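Student: Here is a structure I would like to go through term by term. Please set each label against its definition.

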Amino acid sequence: MTSVHEDLLTIGAFAARARLSAKALRLYDRLGLLAPAYVDESSGYRYYRAAQVERARLVALLRQLDMPLARIAEVIGAGDGEAARLLGAYWADVEARIAGQRTLAEYLRGRLSGRSDEMYGKYAVETVDVPERVVITESRHTLADELPAWIGASLGRLEAAARECGGVVAAPFVVYHAEVSMESDGPAEACVPVADEAAARAWAGRQGRGRATGVRVEPAARLAYVRITRAQVAHPQILAAFEAVEQWLGREGLEPAGPCREIYFADWATARPEDPVCDVAFPVRAR
């Protein structure tokens with residue numbers, strides 16, 4: 001090395017200062033998170049500057065948070081204030097995921113310990129007859145983590161469109177044509193009942209294919225349902241509500257006559273966690 005590079009550290013010396021292994025430093029280089037300041041072309045030896053120690057330690061700490069590589073690159077490439085904001089946003093996502101997993105674990109513990117009847121017993125199942133309705137719809141294949149945002153956005157779009165279709169005549173609902181989870185993507189179908197079928201079909205004819213919009217006639221049906229609060233809409237609490245209805249159907253000699261649905265009858269934005277907002281329902285018929 002020439003005198004130009006006298007301020008550089010060998011990978012061993014730099015690893016000692018950064019309290020990391022040479023193997024970790026080679027990994028960070030390969031991942032594009034921390035490149036050496038200089039690589040000797042003849043020997044392939046890596047050299048680092050002392051000023052890179054803080055970045056190396058930061059990368060190591062962020063990896064301990066299981067932060068994806070792309071997010072680490074964003075954080076270390078941002079200014080101090082923005083980097084702190086990015087870290088805060090990432091950790092809020094982690095805490096939300098852990099909270100959901102904690103609730104799911106408690107739900108599964110109840111099932112596996114034979115307390116299913118106790119869980120389902122807090123739901124009162126009722127039935128209601130609903131008439132035939134014209135609905136404008138928007139469908140999407142979506143996984144569970146994207147579902148809440150899509151429901152809010154799609155129903156908002158459809159309720160706005162309903163002004164062209166004679167107005168909304170009943171509570172909006174979401175139909176699940178197949179399971180929506182982190183492994184299964186449905187599809188789900190957002191539906192808004194409207195007054196004017198001809199206007200609804202004209203509206204549907206003006207829509208592009210980007211959001212899979214449409215119009216159809218929802219047949220008259222008897223629904224078996226349980227009413228749940230805003231807090232209970234969250235996964236996995238809502239699973240217990242669906243299962244409570246299914247268990248009740250078995251006891252009553254009934255079976256589903258169509259896909260399950262969530263009927264949203266309250267203002268989600270202003271509802272408190274304990275406020276009823278949604279009916280979890282199945283169309284039913286005698287066996």
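**Helices, sheet and a buried phenylalanine**

Tutor: The axes of helix α1 (residues 11-18) and helix α2 (residues 22-30) come within 9 Å and cross at roughly 100°. This is a predicted model, in which local features need pLDDT of at least 70 and side-chain atom pairs count only at pLDDT 80 or more, while totals for chains, interfaces and linings use all residues. Residues are numbered from 1 along each chain as its sequence is written, and side-chain values use heavy atoms, with hydrogens and water left out.

Student: What makes α1 roughly perpendicular to α2?

Tutor: The crossing angle is roughly 100°, and angles of 65 to 115 degrees count as roughly perpendicular (under 35 is roughly parallel, over 145 roughly antiparallel, the rest oblique). Therefore α1 is roughly perpendicular to α2. The angles run from 0 to 180 degrees between N-to-C directions, with axes fitted to C-alpha atoms, for helices over the stretch in contact.

Student: Which residues of α1 and α2 meet?

Tutor: Ile11, Phe14 and Ala15 in α1 meet Ala22, Leu25 and Arg26 in α2, where contact means heavy atoms within 4.5 Å. By class, this contact has 5 nonpolar, no polar and 1 charged residues.

Student: Why are the buried residues of α2 said to be on the same side?

Tutor: Ala24, Leu25 and Tyr28 are buried in α2. They cover an arc of only 100° around the axis, so they are on the same side of α2. The arc is that of the directions from the helix axis to the C-beta atoms. On the other side of α2, Lys23 and Arg30 are exposed. The buried residues of α2 pack against α1, β3 (46-49) and α3 (53-64).

Student: Why is phenylalanine 14 called buried?

Tutor: Phenylalanine 14 is called buried because its relative accessible area is 0%. Buried means under 20%, exposed over 50% and partly exposed in between (1.4 Å probe, protein chains only). Not counting residues up to four places away in sequence, phenylalanine 14 touches residues including Leu9, Leu25, Leu34 and Tyr48.

Student: What makes β1 and β2 edge strands?

Tutor: β1 (8-10) and β2 (38-39) each pair on one side only. The 3 strands form an open sheet in the order β1-β3-β2, with antiparallel pairing.

Student: How do you know that β1 pairs with β3?

Tutor: Two strands pair if DSSP finds at least two bridges between them, and 3 bridges join β1 to β3. Therefore β1 and β3 count as paired. Threonine 10 stands opposite tyrosine 47 in β3.

Note on methods:
Helix = DSSP H or I, 4+ residues; strand = E, 2+ residues; numbered from the N terminus. Nonpolar A, V, L, I, M, F, W, Y, C, P; charged D, E, K, R; others polar.
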